[in-house]
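I have the model open and my notebook beside it.

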Amino acid sequence: MNTQWKDIVGHKELIGRLRAMQMEDRIPHAMLFCGAEGVGKTLAAEVLAAVLLCHEPAGGQCCGRCPACLALKAGTHPDYFLLQPESSGKAAKSIKIEAVRELQSGIARVPLLSRCRVVIIQGAELMNEAAANCLLKTIEEPEGQAVFILLTSAPAALLDTIISRCMRVEFGILQLEELQEVLCRQGMDKEEARRLAAVADGSAARALSLRQPEIRELHQKAFRLAEKAGSLNVEDMLQLAKDMSGSSREQLSQWLGFLAMIYRDLLVLYSGSGLPLYNQPDVQKLSALLARYPRHRLLDLLRLVQEYQKRLRSNVNVQLCLEGFFIRLENLMP
């Protein structure tokens, strides 16, 4: 578990504000950390939790030596709670009401080791409606001194009532140099870090996943679809949907993300703005695609991708979802 602000790359101004709020005892009882996956939300939440639980914090930093700090590092702190989405079988990951009720039971007592309790909820947008309403009551009327830190990459999927009761903290994407630094800290050589950072859209988690052969294959599948779009017949679309339905929802969302990057790069090439390309190593492939994609269609295609990424977060039938996507994709092509 990360407990030091210095270990977080980027977000200097935001971290400065959080440290100042803690030092001035202005941390609210509920916070919502928003931002893309892999930009540092979890790390920041862990450090803030460590500071809040520490017996002798100084300068907005935990001491690292007190019983609370040692218990947190050992994973045994009785006043620290972590709630994460879970899945069973092929169902989409979610946070169910049973997990929230178990959390409520755990925090329904006075703190045992620190002056407050800290609850971190990862993937807060994945709470089902019953869980979200249950959590809302807990946030509205917390028993004793408790701080809730909700993490989300899709705040629009949360209940408005939950959002309104949290202080919202926005995490931007990592800059290219910052992301390269993060990847080098993970043991990558500079050349690999530069190559992966270019296509990771400011997300360290996405960059690290690109090292996996199956994720690299998803990237190539996105290019192959971009090259074939506009010439797929019904049989092709049904077979593609069947072949890809065996992938996890997370992988399919990444695949759609790669497709969105291709469309964005084509818009950049059309504009001649000179902005960096996500797929710079594949610029020849991108240039060849320009003739297939009228500029006015690219924004519609980006909206289509975003819509189906959202659909995949629900419990839709994956194969039917993909069939619908391919049909609408073909309808948008000239």
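What follows runs from the whole chain down to a few single residues.

**Whole chain**

I reminded myself at the start that this is a predicted model. I looked up the secondary structure and got 15 helices and five strands for the protein chain. Next I checked the radius of gyration, which is 22 Å; the globule rule gives 20 Å for 334 residues, so the chain is as compact as a globular protein of that length. I also took the span of the C-alpha trace along its principal axes, about 65 × 45 × 30 Å.

Of the 334 residues, 49% are buried. Taking contacts with a separation of 6 or more, I noted that 72% are between residues 24 or more positions apart.

For the surface, I have an accessible area of about 16,400 Å², with 51% of it belonging to carbon and sulfur atoms. I looked at charges too: there are 40 positive and 38 negative ones, and their mean positions sit 1 Å apart.

**Gln4**

I went to the segment before α1 (12-23), where Gln4 has its place. Is Gln4 buried or exposed? Its relative accessible area is 19%, and the cut-off for buried is under 20%, so I put Gln4 down as buried. Which side chain does Gln4 pair with in a polar contact? I found Gln61, at 2.7 Å. Leaving out residues up to four places away in sequence, Gln4 touches Val47, Gln61 and Cys62.

I have His11 as buried, at 13% relative accessible area.

Asp25 is in the loop between α1 and β1 (30-34). Its phi is positive as well, about 55°, although Asp25 is not a glycine. With 60% relative accessibility, Asp25 goes into my notes as exposed.

**Leu113**

My last stop was the loop between α4 (97-107) and β3 (117-121), which holds Leu113. I noted a relative accessible area of 28% for Leu113, which makes it partly exposed.

What does Leu113 touch, not counting residues up to four places away in sequence? I listed His55, Pro67, Ala68, Ala71, His77, Pro78 and Asp79. I followed up on His55: it is 58 residues from Leu113 in sequence, with 8.9 Å between the two C-alpha atoms.

Conventions:
Residues numbered from 1 in each chain as written. Predicted model: local features only at pLDDT ≥ 70, side-chain atom pairs only at ≥ 80, totals over all residues. Heavy atoms only, no water. Helix = DSSP H or I, 4+ residues; strand = E, 2+ residues; numbered from the N terminus. Rg over C-alpha atoms; globule rule 2.2 N^0.38 Å. Buried < 20%, exposed > 50% of the residue type's maximum accessible area, 1.4 Å probe, protein only. Contact = heavy atoms within 4.5 Å. Areas by Shrake-Rupley, 256 points an atom, 1.4 Å probe, with all protein chains shown as cover. Lys, Arg positive; Asp, Glu negative; His and termini not counted. Charge placed at Lys NZ, Arg CZ, Asp CG, Glu CD. Polar contact = N/O pair within 3.5 Å; in protein donor to acceptor, adjacent residues only side chain to side chain.
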